[in-house]
Amino acid sequence: MPVTLTKDEAQRFLREHGHDARELEPLTGGLWSAAFGFAEGEREYVVRFHDRRDDLEKDRFAGRWASPWLRTPRIVDIGDFGRGGYGISERVHGTPLDALDEAGMRRVLPSLLRSLDAIRDANVGATHGYGLWHGDGNGERASWRDTLLDLGDGRDRMAERRAFLATTRIGVAEFDLALSRLRELLPSCPDERHLVHNDLLNFNVLADDAGVVLLDWGASIYGDFLYDAALLVFWWPHPLYAKWSRIDIRTEVERHHKATRLEIPHVAERLLCCELHIGLDHIAFQAEHQMWDHAAWTARRTRELALST
C-alpha cells in the first residue's frame, strides 16, 4: 500500500529517531513511498518512508556499484517504519529526466547512455539469480528465460496476468500476440546476467551539470543489459514524452553502441524481446490499478512492436 505522511508527522518521526531535522520539505516520492528533504548540521539529506523496506535495502546494496559514471545517492541509515521502512540518503540536486525539454534531453543523453554502460559493467559476481533481486543482492529466478516468461516458484505469472486481463475492458488480444512473438524470439536471447536499473523514467533519474544521478533501485533486475535501453525505446513515443519526439532514441542507442565498439549478437531480436516483456508486464499492472487510458496505450504500443519485423 502507498505510504502517506504529513510534513509534521515526518518531522516528529525524525526527531524521535535522533535527527535534528531542519528545513523539512515534501519531495516527489513514488507509487509506494513518501519523501522529504531536510538539513542536518551542514549537510542535506532525503528521508523516504516506504511500504517495502526491501526496496530501501536495494538502494543501499546498489551503493557498492557507484562510480563516476554510475552516480547514486549514498544511504546513511535504514530502519523500520510501520510494515515497511525508512531510509535516509545524502541529498543530490538536479532536474528530473522526465521534466527536461528537448534541448535538455539532448544535453544529458550522452551521460545517460554512459551510465547504462556502467550499469552493464557492474560486477555482480558476488550475487546470484536472475530477474528481480532483493536487499541481499540475489535474484528470484533461475534463468533469463524464466524471467522473460515470468516463471518461478511453481507459478506461471503470464497465465495469471492473461486470466486477469480477460476480465477487463482491455482484453487479451494484444497480450496474446505479444506473448507469442516473445516466445519466438527467446532462442536469440542469451542467458547473460547483468545489472539492470529497470526504472529510468518516473522521476527516478536526476540531471545536473555533471550528468545523471540514478535513484530508486527497487525495480532493479538481473538479466540482459539491453533491458534498460528497451525501456527508453518502449516508452519514448508515449504522450508524456512528446517533447522528445524529434529525438530518435533507438538510433541514439545504436550510435552509442557503435561509437563504443560494442558488438551485440542478435541485438534487434533481444531488444524487441525486452520491449515485449515490458509491454506484457505493464498492460496488466496498469489494468490492475484501473489506469485504463495508460493500459490502452500500452496495449497498442505492444501490438505495434509485436507486429514489427
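These notebook entries record what I looked up in one predicted model.

**Ground rules.** I number residues from 1 along each chain as its sequence is written, and I leave hydrogens and water out, since side-chain values use heavy atoms. I treat the model as predicted, so that local features need pLDDT of at least 70 and side-chain atom pairs count only at pLDDT 80 or more, while totals for chains, interfaces and linings use all residues.

**Entry 1, cavities.** Grid points are joined across faces, edges and corners, and a volume is the space filled by probe spheres set on the points. How many cavities of 30 Å³ or more does the structure hold? I found 2 of them.

The largest cavity has a volume of about 80 Å³, and I noted its lining as Leu113, Leu116, Asp117, Arg120, Phe225, Leu226, Ala229, Val253, His256 and His257. For the elements I used DSSP runs numbered from the N terminus, helices being H or I of at least four residues and strands E of at least two. Helices α3 (102–120), α7 (226–235) and α8 each supply at least two residues of this lining, and α3 gives the most, with 4 residues. I sorted the lining by class (Ala, Val, Leu, Ile, Met, Phe, Trp, Tyr, Cys and Pro count as nonpolar, Asp, Glu, Lys and Arg as charged, and the others, Gly among them, as polar), which gave 6 nonpolar, 2 polar and 2 charged residues for the largest cavity.

The second largest cavity holds about 30 Å³ of space, and its lining is made of Leu116, Ile119, Arg120, Leu195, Val196, Phe225 and Asp228. Two or more of these residues come from each of α3 and β11 (194–196), with the largest share, 3 residues, coming from α3. By class I recorded 5 nonpolar, no polar and 2 charged residues here.

For pockets I took an open set of points with protein on both sides within 12 Å along at least five of seven lines. The second largest pocket has a volume of about 320 Å³ and is lined by 19 residues, of which Arg250, Glu254, Val267, Ala268 and Leu271 lie nearest its centre. The elements giving two or more residues to this lining are α6 (173–185), α8 (249–259) and α9 (267–288), and α9 gives the most, with 6 residues. The lining residues divide into 10 nonpolar, 3 polar and 6 charged.

Asp216 and Arg48 form one of them, at 3.8 Å from N to O; the pair links distant parts of the chain, 168 residues apart, with Asp216 in the loop between β13 (211–214) and β14 (221–223) and Arg48 in strand β3 (residues 43–50). Arg48 is buried, at 13% relative accessible area.

I also noted the bridge between Asp55 and Arg52 at 3.2 Å, N to O, in which Asp55 is buried at 7% relative accessibility, whereas Arg52 is partly exposed at 34%. Arg255 and Glu252 pair with their closest N and O atoms 3.3 Å apart, and both lie in helix α8, 3 residues apart, about one turn of the helix. Arg255 counts as exposed, at 53% relative accessibility. Arg53, Glu57, Arg60 and Asp80 are linked in a network of salt bridges.

Leaving out residues up to four places away in sequence, Ser143 touches Tyr130 and Asp191, a contact being heavy atoms within 4.5 Å.

How values were computed. 1 Å grid on protein atoms, 1.4 Å probe; cavity = no way out; pocket = protein on both sides within 12 Å on 5 of 7 lines; lining within 4 Å. Salt bridge = Lys/Arg side-chain N within 4 Å of Asp/Glu carboxyl O. Buried < 20%, exposed > 50% of the residue type's maximum accessible area, 1.4 Å probe, protein only.
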